[in-house]
Amino acid sequence: MRRKKYAIGMLVFLMVLQLLSLSTAIVAAAEAPKEGAAQEAPKEGAAKEEAGPAFEAPKLKPGDYPQTSWFNSREAVWVASQVHLFFGAFVLAVPIFVLVIEGIGVSTKDERYDHMSHEIMKVTMTAFSLTALSGGVLTIFLLAFYPDLFK
Ligand code: HEM
């Protein structure tokens with residue numbers, strides 16, 4: 001009986017998650033420019049802000065990036081951001097699993113689940129430091145190797 005309740009709870013939780021992602025997709029679709037809108041000629045006297053974004057993204061050429069002798073600066077930024085995202089995704093996702101495992105432990109009153117979730121959280125705590133460290137490295141790399149970042 002308790003297991004059935006837990007299974008229903010999990011299903012509801014997953015459905016809420018699914019609905020959340022669906023609502024994000026609906027908002028994105030509503031905000032996307034309508035088909036054919038690009039072809040319409042802009043009305044005379046229309047405010048400039050309506051025509052496009054307030055700030056244009058800088059169009060950089062390879063020569064604009066700082067040249068480094070023994071490594072490629074663009075690849076260095078890419079590697080740093082990938083490492084940061086891997087650890088970031090890990091530390092944001094794992095606590096959700098830990099919560100689910102704790103939930104199973106509470107509903108089954110089996111202490112092994114509690115121990116398991118504590119062990120997993122210990123690993124996550126180390127990953128938190130590595131995420132912050134790689135975030136710091138990424139910030140420095142962006143500042144050093146990404147021209148026009150703050151323009
Ligand atoms: C444990 C803590 C952290 C987590 C979970 C985390 C997670 C993330 C995630 C998910 C992104 C991607 C955001 C996106 O795609 O829009 C991101 C981007 C970034 N993070 Fe972190 N981060 C953490 C700590 C830090 C720290 C301490 C720093 C700097 C000292 C940092 C610097 C950055 C930078 C510069 C970016 C790129 C910004 C951008 O893409 O707009 N992060 N972080």
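Reader: What am I looking at, and how is it numbered?

Author: It's a predicted model, where local features need pLDDT of at least 70, side-chain atom pairs count only at pLDDT 80 or more, and totals for chains, interfaces and linings use all residues. Numbering starts from 1 along each chain as its sequence is written.

Reader: How many helices and strands?

Author: Four helices and zero strands, running α-α-α-α from the N terminus. Those are DSSP runs numbered from the N terminus, with helices being H or I of at least four residues and strands E of at least two.

Reader: How much of the chain is buried?

Author: 5% of its 151 residues. Buried means 20 or more other C-beta atoms within 10 Å of a residue's own, exposed means 12 or fewer, and partly exposed is in between, with C-beta atoms placed from the backbone.

Reader: OK, the ligand. Which residues are closest?

Author: Gly-88, Thr-131, Ala-132, Gly-135 and Gly-136 are the closest of the 13 residues around the ligand.

Reader: Which elements do they come from?

Author: Helix 3 (73–108) and helix 4 (111–145) are the ones giving two or more residues. Helix 4 has the largest share, at eight.

Reader: How do helix 3 and helix 4 pack?

Author: At an angle of about 160 degrees, axes 8 Å apart. The axes are lines fitted to C-alpha atoms over the stretch in contact, and angles run from 0 to 180 degrees between N-to-C directions. So helix 3 and helix 4 are roughly antiparallel, a label for angles over 145 degrees; under 35 is roughly parallel, 65 to 115 roughly perpendicular and the rest oblique.

Reader: What residue types make up the contact of helix 3 with helix 4?

Author: 24 nonpolar, 11 polar and two charged.

Reader: Let's pick a spot. What does Thr-124 touch?

Author: Val-91, Val-94 and Pro-95, leaving out residues up to four places away in sequence. Contact means C-beta atoms, placed from the backbone, within 7 Å. Thr-124 is in helix 4, and its C-alpha is 5.9 Å from that of Val-91, 33 residues apart in sequence.

Reader: Is Thr-124 partly exposed or buried?

Author: Partly exposed, because 18 other C-beta atoms lie within 10 Å of Thr-124.

Reader: And where's Glu-102?

Author: In helix 3. Glu-102 contacts Tyr-113, Asp-114 and Ser-117, setting aside neighbours within four places in sequence. Glu-102 has 16 other C-beta atoms within 10 Å, so it's partly exposed.

Reader: Switching to the loop: what is phi of Lys-109?

Author: Near 55 degrees, which is positive in a residue other than glycine. Most residues other than glycine have a negative phi. Lys-109 sits in the loop between helix 3 and helix 4.

Notes
Near = placed C-beta within 6 Å. Nonpolar A, V, L, I, M, F, W, Y, C, P; charged D, E, K, R; others polar. Contact = placed C-beta atoms within 7 Å.
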